[in-house]
Amino acid sequence: MQYVRRLDTLGMGDLDQVGGKNASLGEMLSHLTRAGVRVPGGFATTAGAFREFLERDGLGDRIQERMDGLDVDDVGALAACGAEVRELIMRTALPAALDREIREAWQGMAQDQGDGFSVAVRSSATAEDLPDASFAGQQETYLNVRGIDEVIDKVHAVFASLYTDRAIAYRVHQGFADESVCLSAGIQRMVRSDVGASGVMFTLDTESGFENAVFITAAYGLGETVVQGAVNPDEYYVYKPALRANRRAILRKELGSKAQRMVYGTDGGVHTEDLPDDLRQTFALSDAEIESLARQALTIEEHYDRPMDIEWVRDGIDGEIYIVQARPETVKSREGKVIERYRITDSRIPEVRVEGRSIGQRIGAGCARVIDSVAEMDRVQAGDVLVTDMTDPDWEPIMKRAAAIVTNRGGRTCHAAIIARELGIPAVVGCNDATERIAEDDEITVSCAEGDTGYAYAGSLEFEVDRINLESMPPAPMQLMLNVANPDRAFDFSAIPNHGVGLARIEFIINRMIGVHPKALLNYADQAPQTRARIDRKIFGYRDPVTYYVERLAQGISTIAAAFDPQPVIVRLSDFKSNEYANLLGGEEYEPDEENPMLGFRGASRYLSEEFSDCFELECRALKRVREEMGLLNVKAMIPFVRTVDEGASVVELMASHGLRRGEEGLEIIMMCELPSNALLADRFLDHFDGFSIGSNDLTQLTLGLDRDSGLVADLFDERDDAVKALLKMAISACLSRGKYIGICGQGPSDHPDLAVWLAEQGIQSLSLNPDTVVETWLELAGRSATQEA
């Protein structure tokens, strides 16, 4: 029998001998090294060695006897049983032959590595890293292990960790019998990420299942802080098609707080330390490193032919990036053709207690249990909301009891997040102060159904879940597009049946992802010290204030465009009113005080003004970057609130001067048809634009002379009024006669299915709807179309 195997002699065919983790490391060493994937070498003990160990002194029988009848949901009984079994294992000596072969393998590593190297000793179970069960973090890992005697001691401890409380409970919850799982210990050369960086990456978006992006997390120091959820890491999204085409491929970058890092101890082992402020305020990876990592992820995914969950490290000494683990992604890749959409339906305005990173796209509500440590986890009862500083896999035994989980620390790729997804439990992680702002016994509603940001709301709010069977959707009689404002929801929304995005509003991106008036960034040096300090905090990680604005705007636009590519995405350039721009940081200094901002300094007039034209140039630069540098040519530009034909022509000329020429690289410029003048002079406006998208909200209020924000006349606001319909018909007819695009992106069709039917009868080409109304409208129109054909 072989007790030990070198990693580079292994492959996935050896899974039953060395477990999923070690088999995968061997597979990559054997097959992907030439493709540029760097994997540190080492060796592994075999399952046969573990079985022989269990045969010593009847150890296996004694373990099974102690485990018989155990109720893993009884936390006290589980802890007592686990402690006894681990003590039995540690009291039983390893087989002499295993001890000898470990020493021989270590001697071979020492000859290759020289003096002073250290290793990681990790577990690799024969049932882990499978397509339907990750076993993420269930057994122990030991880092910076030095010297052969310590290695053998840690191998022994890894064997015992097959019976940690969390591992016992996880196997029961996943339906694995204890006797069916064997353990291999992997001994792998440590990479000096303690003075570098590390993290996790998935070859799909972990929340939506969107498969065209690589999702990367990163923090300084050893990777255990990321996988354990002890830090809030940086997050990056990389677009696979752009990467394959050697174009700019980074979609999003979010700076994490990264409060701590794990480093080597002086005499072995590891410890955590506070991260210096200058490192907290910088991204752990450069753009080149992000794309290099993503390329390795693509290589690994293509080799395994499935979505993958990958752990990586960057050596702080040689600067190289290494892969230290790769396993199948186990949640989103298993989901079928039914989409679940959770939404809060409560009429009350919710009070946000805390917010953080969302896990699981679901909603849960219950009574808060604020837990200080894992020793108190037995206080969590079925239906409670678990609130704690951080969770790691030790919490697994009671995770399935919780209606939801809220933590101060952690990122979306930590082990606890993976387990929460597998169990279908919504979790909001990295809230910073959840244990201070949520009190014991508070009623809490946890929503992970609103994008990347998750919220813990006060009270028990009403919510619903809709289930959409994608295989049962009939053909649509026209193009049904989506209105999308929030890039965080784009990947999620792209799974809804659609023909693209008819309205992508960049105001949300400017407000939520940037938060600063563009003029304040252009004139940064002129700002008051207090304003500059607030701007500085926002632009951490970016070269300068203007770069921050352009890059963040491009990130938001490209995320929406990538989610729906190759379907068209019509991006409406900014349509803030003066009072809305004034609410941005630094905005009050640059905005007029208007009596009626709805009819004032907005849209095309603003773009052409001397006061705002340099700000508009920044929008054009962002749009140009998305189309030309990233290759997202599905993006079309849309100009809002164009009062006159001359104004429309001037904006198109201004865009051309900024490098966005109509017709070049297929660029189409659409005009919002939202003023009566637009419909009345439709043919003349269409001389300068590639079509209309009707904004029914403004068109209705300007046709009927209503202020839609006034409650005194709100009951008269109706897009179905005959006067409004007359203008709608004029706009539709003009576009159809010119062979140009005509769609509608206003609220009307979302609120009134009968208006959608009328628009279809007029020959409108597309309806752009709010995502929560798409399926209902789709089915309504398809049903009417089928009835008419019959």
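**Ground rules**

I am reading a predicted model, where local features need pLDDT of at least 70, side-chain atom pairs count only at pLDDT 80 or more, and totals for chains, interfaces and linings use all residues. Residues are numbered from 1 along each chain as its sequence is written, and side-chain values use heavy atoms, with hydrogens and water left out. My helix and strand labels are DSSP runs numbered from the N terminus (H or I, at least four residues, for helices; E, at least two, for strands).

**Entry: helix H5**

I began with H5, which covers residues 96-113, 18 residues in total. From first C-alpha to last, H5 reaches 26 Å, close to the 26 Å expected at 1.5 Å a residue; the expected span is 1.5 Å times one less than the number of residues.

Which residues of H5 are buried? I found Ala97, Leu98, Glu101, Ile102, Ala105, Trp106 and Met109. Here buried means under 20% relative accessible area, exposed over 50%, and partly exposed in between, with a 1.4 Å probe and protein chains only. Seen down the axis of H5, the buried residues fall within an arc of 170°, so they line one face of the helix. That arc is taken from the directions between the helix axis and the C-beta atoms.

I then looked up what covers the buried residues of H5: the list includes strands S1 (4-6), S2 (42-45), S3 (119-125) and S5 (183-189), along with helices H2 (47-55) and H6 (148-160). Contact here means heavy atoms within 4.5 Å. After H5 comes Gly114, with a positive phi near 85°.

**Entry: backbone angles**

Most residues other than glycine have a negative phi, and most peptide bonds are trans. I went looking for departures from that.

- Asn246 is not a glycine, yet its phi is positive, about 60°. I located Asn246 in the loop between helix H9 (240-244) and strand S9 (250-254), and it is exposed at 62% relative accessible area.
- Phe641 also has a positive phi without being a glycine, at about 50°. Phe641 sits in the loop between strand S26 (635-639) and helix H23 (645-657), and it is buried at 1%.
- The peptide bond from Asp565 to Pro566 is cis, with omega near 10°. Pro566 lies in the loop between helix H19 (545-564) and strand S25 (569-572).

**Entry: the barrel**

Next I traced a closed barrel of 8 strands, S23-S24-S25-S26-S27-S28-S29-S30, with parallel pairing. Neighbouring strands of this sheet are turned by 30° against each other on average, direction ignored. Two strands count as paired if DSSP finds at least two bridges between them.

I checked three of the pairings. S24 (residues 501-505) runs parallel to S25 over 3 bridges, and Val501 has Val569 as its bridge partner in S25. H19 packs on this sheet, touching S23 (479-484), S24, S25 and S26, and its direction makes about 160° with that of S25. For such angles, axes are lines fitted to C-alpha atoms, for helices over the stretch in contact, and values run from 0 to 180 degrees between N-to-C directions.

S23 and S30 pair in the parallel sense over 4 bridges, with Met481 partnered by Ser768 in S30. S29 (residues 741-744) is joined to S30 by 2 bridges, also parallel, and Gly743 partners Ser766.

Which way do the side chains of S30 (residues 766-769) point? Ser766 and Ser768 go one way, Leu767 and Leu769 the other, and all are buried.

**Entry: salt bridges**

How many salt bridges does the structure hold? I read 59, each being a side-chain nitrogen of Lys or Arg within 4 Å of a carboxyl oxygen of Asp or Glu.

I picked out Arg343 and Asp466, which meet at 2.9 Å, N to O. This pair links distant parts of the chain, from strand S14 (residues 338-344) to strand S22 (residues 463-469), 123 residues apart. Arg343 is partly exposed at 33%, and Asp466 is partly exposed at 28%.

Finally, Glu376 and Arg379 form a salt bridge with their closest N and O atoms 3.4 Å apart. Through shared partners, salt bridges join Arg369, Glu376, Arg379, Asp384, Glu440 and Asp441 into one network.
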